[in-house]
Amino acid sequence: MSLTDIQTRIAAAEAAAGRAPGSVRLIAVSKVQPLDRVTAVLEAGHRRFGENYVQEAAGKWPDLRARFPGVELHMIGPLQTNKAKPALDLFDAIHTLDRPSLAERLSRLVQARGACPELFVQVNTGMEPQKAGVLPDAADGFIAACRGMDLTLAGLMCIPPEDTDPAPHFALLARIAERNGLTGLSMGMSSDFETAIAHGATHVRVGSAIFGARAYG
Ligand SMILES: *Cc1c(COP(=O)(O)O)cnc(C)c1O
């Protein structure tokens with residue numbers, strides 16, 4: 001697999017779903033990948049990346065950003081409240097807004113800065129106890145609470161349970177987004193991004209299919 005293969009498959013999935021070319025944004029998930037693989041994808045011209053850990057991102061992206069102008073960085077991993085400030089320094093988008101304490105912290109920081117990253121509320125569509133995200137039944141209330149704190153939301157994000165058909169989870173996320181007037185849908189990974197695009201994904205998060213298997217993480 002490679003970047004161009006994935007871009008070709010995304011374009012085919014957009015066409016198959018009757019969606020406009022370029023309506024799906026590819027986030028290349030570079031967590032724990034060797035730097036030479038990340039640099040190769042930057043040299044190929046890609047500029048939108050996803051990371052899971054604030055510390056890891058802070059260690060590699062300031063330098064890469066200086067070398068490759070135009071990088072857009074997305075936080076897709078769980079975000080501790082005490083890392084909210086460094087996360088806002090680094091990331092253009094946060095996909096893992098999943099609890100009131102984090103929303104309150106982000107709201108205060110965003111107001112002080114006068115600038116808000118793209119924010120996605122993570123929904124635990126599979127209701128898995130070990131997984132982050134608001135439960136589907138609590139999503140409408142949480143979205144309203146975020147808006148009440150003057151946070152502008154871009155959309156919703158989910159990670160379906162492993163070893164199950166992801167389609168019902170993508171469909172559920174799309175329904176919750178639609179009834180809340182949200183257009184962004186961050187869903188789909190290496191194994192299921194085409195299914196996600198068929199269900200309306202606007203942002204797909206693809207790691208191993210672009211970079212190769214991760215050593216860990
Ligand atoms: C690691 C990760 C991905 C990428 O996973 P792949 O299967 O390698 O494509 C996408 N989304 C999240 C939230 C991740 O943690």
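Analyst: The questions below concern a predicted model, in which local features need pLDDT of at least 70, side-chain atom pairs count only at pLDDT 80 or more, and totals for chains, interfaces and linings use all residues. Residues are numbered from 1 along each chain as its sequence is written, and side-chain values use heavy atoms, with hydrogens and water left out.

User: What annotation does the UniProt record give for Lys31?

Analyst: The unreviewed UniProt entry annotates Lys31 as "modified residue: N6-(pyridoxal phosphate)lysine". Such annotations may be inferred rather than shown by experiment.

User: What makes Gln33 buried, and which residues does Gln33 touch?

Analyst: The relative accessible area of Gln33 is 6%, and therefore Gln33 is buried. Gln33 also lies in the loop between E1 and H2. Not counting residues up to four places away in sequence, Gln33 touches Val38, Glu56, Lys60, Phe211, Gly212, Ala213 and Arg214, where contact means heavy atoms within 4.5 Å.

User: How do you know that Val204 is buried, and which residues are in contact with it?

Analyst: Val204, in strand E8 (residues 203–206), has 0% relative accessibility and so counts as buried. Leaving aside neighbours within four places in sequence, Val204 is in contact with residues including Ile10, Val24, Leu26, Met187 and Phe193. The C-alpha atoms of Val204 and Val24 are separated by 7.1 Å, although these residues are 180 apart along the chain.

User: Why are H6 and H7 called roughly parallel?

Analyst: The axes of H6 (residues 136–148) and H7 (residues 167–179) come within 10 Å and cross at roughly 30°. That makes H6 roughly parallel to H7, a term for angles under 35 degrees. Axes are lines fitted to C-alpha atoms, for helices over the stretch in contact, and angles run from 0 to 180 degrees between N-to-C directions.

User: Which residues form the contact between H6 and H7?

Analyst: Pro136, Ala139, Asp140 and Ile143 in H6 meet Leu172, Ile176 and Arg179 in H7. The residues of this contact of H6 with H7 comprise five nonpolar, no polar and two charged; Ala, Val, Leu, Ile, Met, Phe, Trp, Tyr, Cys and Pro count as nonpolar, Asp, Glu, Lys and Arg as charged, and the others, Gly among them, as polar.

Definitions and conventions. Helices (H or I, at least four residues) and strands (E, at least two) are DSSP runs, numbered from the N terminus. Angles under 35 degrees count as roughly parallel, over 145 as roughly antiparallel, 65 to 115 as roughly perpendicular and the rest as oblique. Buried means under 20% relative accessible area, exposed over 50%, partly exposed in between (1.4 Å probe, protein chains only).
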